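Please look over the sequence and structure below.

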Amino acid sequence: MYDKITPPTVGEKIRFENGQPIVPDNPIVPFIRGDGTGIDLWPASQRVLDAAIEQAYGGQRKISWFKVYAGDEACEVYGTYQYLPEDTLTAIREYGMAIKGPLTTPVGGGIRSLNVALRQIFDLYACVRPCKYYNGTPSPHKSPEKLDVIIYRENTEDIYLGIEWKQGTPGCDQLIDFLNNQLIPETPELKNKQIRLDSGISIKPISITGSQRLVRRAIQNALRLPKNKQAVTLVHKGNIMKYTEGAFRDWGYAVATGEFRAECVTERESWILSNKEKNPSLSIEDNAKLIDPGYDSYPAEKREAICQEVREVLEAIWDSHGNGQWKEKVMVNDRIADNIFQQIQIRPDEYSILATMNLNGDYLSDAAAAIAGGLGMAPGANIGDNAAIFEATHGTAPKYAGLDQVNPGSVILSGVMMLEFMGWQEAADLIKTGLAKSIEQREVTYDLARQMEPPVNPPLKCSEFASAIIKNFD
Ligand SMILES: NC(=O)C1=CN([C@@H]2O[C@H](COP(=O)(O)OP(=O)(O)OC[C@H]3O[C@@H](n4cnc5c(N)ncnc54)[C@H](OP(=O)(O)O)[C@@H]3O)[C@@H](O)[C@H]2O)C=CC1
Ligand SMILES: O=C(O)CCC(=O)C(=O)O
Ligand SMILES: [Mg+2]
């Protein structure tokens, strides 16, 4: 079955039933060490995970790690350009769950992202990135403790599908010619727009399927949160990209008000309901004016559409959501992408789950990570219905590779997400305790050390930070 790897002789497979993992006490879990700093991060992280499992379950539970290859290490074992060998894909398919270090993607030419490829191959459509502040972590932000968000990033489409044409190639010229001379002139809405002849082209597909399954998962997660965190914000640049990002917003709301009608309220619905609660005799038109301050300046047709919206909301959900019942529901709202970057800085506590398309989520997760202490403290998971791969938000940080210097916190916390996904909460909790205590004791790697007041000097090495976390389990 495998060409150059052998699975552990002891251990069993994780199975998925209805999207949920069924986990034996001794699961076999494939891991990819990763490029660059992966060489430092993975051994430190594995040590912490194993120690926590041993301490929590005293040998009753154990992971049998299965080393599989991707990136530079794969080329060493399988030969030139064998960045993602079939063996690795077979192992992940077979065992259902894996954890990985970062993998390099060259800018401009060269291979396409192996990280993105893994997400697409296994249809891991939700990239889940919690950004939460650990007490004592240095931050450039004044009130980092107010940040506690989970980014749900669509993981399989958008420009990451990688359908693009390089400037000056025959395919690119042909596409520009077709668009400029055929499709654009046939589309009145596009007027006389033309694409510059010396352009490169990337295609940005956003589908109903991709958007709705992501938002569905985000709402399901919101329902598991404490009441005061039950909110999902749809992040988009729909004012500019109406048929991709704007459509993402509309399809997201359709999931909330269709599939989760009893559990959700949209922000606009909450305004309509609360206007009527404050003034039960409020007319439909006065309610419409309150939810849309520009109402009086709109043409009659638009004014009627807003009145109709008010009527429909009151008819549909006044009984189930009115008289304050909406305050117990998951609040679904939307924010334009540029605004959300400032919102998470100035009003982070007003947000909980941020549902995004692929590119926006990529940008936003690094920005949110900065508030919570930086990329050394930013875990993540790529989740599908039949598989899951856990990985940090950060990349290979090549300038630090092999120096035993970078913060293993993100990979370790990705491991914590994996343990929680497996239902091994006791082991996950030990690691979170160990990490929090190490930070409190100022036993930290360079990235946190340099931001602390006064700075910690010398900082711990990557491997020493792992040891500090283990020492601080209890
Ligand atoms: N999922 C994946 O595998 C990902 C892969 N990549 C790939 O990684 C490569 C490098 O990308 P790049 O843009 O430099 O981004 P990186 O995330 O690799 O690094 C950027 C900076 O973030 C900080 N940083 C990253 N990791 C850590 C850590 N563990 N501890 C402390 N600080 C950390 C460092 O900051 P400082 O210099 O201030 O110390 C580093 O220079 C590219 O090939 C990219 O495609 C990128 C993102 C995700
Ligand atoms: O695949 C890569 O190289 C970068 C991906 C990335 O930045 C991310 O997923 O956050
Ligand atoms: Mg990124």
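Q: Which residues are around ligand 2?
A: This is a predicted model, in which local features need pLDDT of at least 70 and side-chain atom pairs count only at pLDDT 80 or more, while totals for chains, interfaces and linings use all residues. Side-chain values use heavy atoms, with hydrogens and water left out, residues are numbered from 1 along each chain as its sequence is written, and chains are lettered from A and ligands numbered from 1 in the order in which they are written. Counting a residue as near a molecule if one of its heavy atoms lies within 4 Å of it, the residues around ligand 2 are Thr105, Ser113, Asn115, Arg119, Arg129, Arg153, Asp362 and Thr393.

Q: How many residues of the shell around ligand 2 are charged?
A: Ala, Val, Leu, Ile, Met, Phe, Trp, Tyr, Cys and Pro count as nonpolar, Asp, Glu, Lys and Arg as charged, and the others, Gly among them, as polar. By these classes the shell around ligand 2 has no nonpolar residues and four polar ones, and the number of charged residues is four.

Q: Which residue has a side-chain N or O atom 2.5 Å from an oxygen atom of ligand 2?
A: For an oxygen atom of ligand 2, the distance to an N or O atom in the side chain is 3.0 Å for Arg153 and 2.9 Å for Asp362. The residue with the 2.5 Å distance is Ser113.

Q: Which residue has a side-chain N or O atom 2.8 Å from an oxygen atom of ligand 1?
A: Ligand 1 is surrounded by 23 residues, the closest being Gly395, Ala397, Lys399, Tyr400 and Tyr446. Backbone atoms also approach this ligand, with a polar backbone atom of Thr396 3.0 Å from an oxygen atom of ligand 1 and a backbone N or O atom of Asn407 2.9 Å from a nitrogen atom of ligand 1. The side chain at 2.8 Å belongs to Lys399.

Q: Why does the end-to-end distance of α10 agree with its length, and how far apart are its end C-alpha atoms?
A: Helices are DSSP runs (H or I, at least four residues), numbered from the N terminus, and the expected span is 1.5 Å times one less than the number of residues. Because α10 has 22 residues (300–321), it should span 32 Å, and the distance that agrees with this is 29 Å.

Q: Where does α10 bend by about 40°?
A: The bend at a residue is the angle between axes fitted to the seven residues ending there and the seven starting there. By that definition, the bend of about 40° in α10 is at Glu315.

How values were computed:
A polar contact is a pair of N or O atoms within 3.5 Å; within protein, one must be able to donate a hydrogen and the other to accept it, and residues adjacent in sequence count only if both atoms are side-chain atoms. Helices (H or I, at least four residues) and strands (E, at least two) are DSSP runs, numbered from the N terminus.
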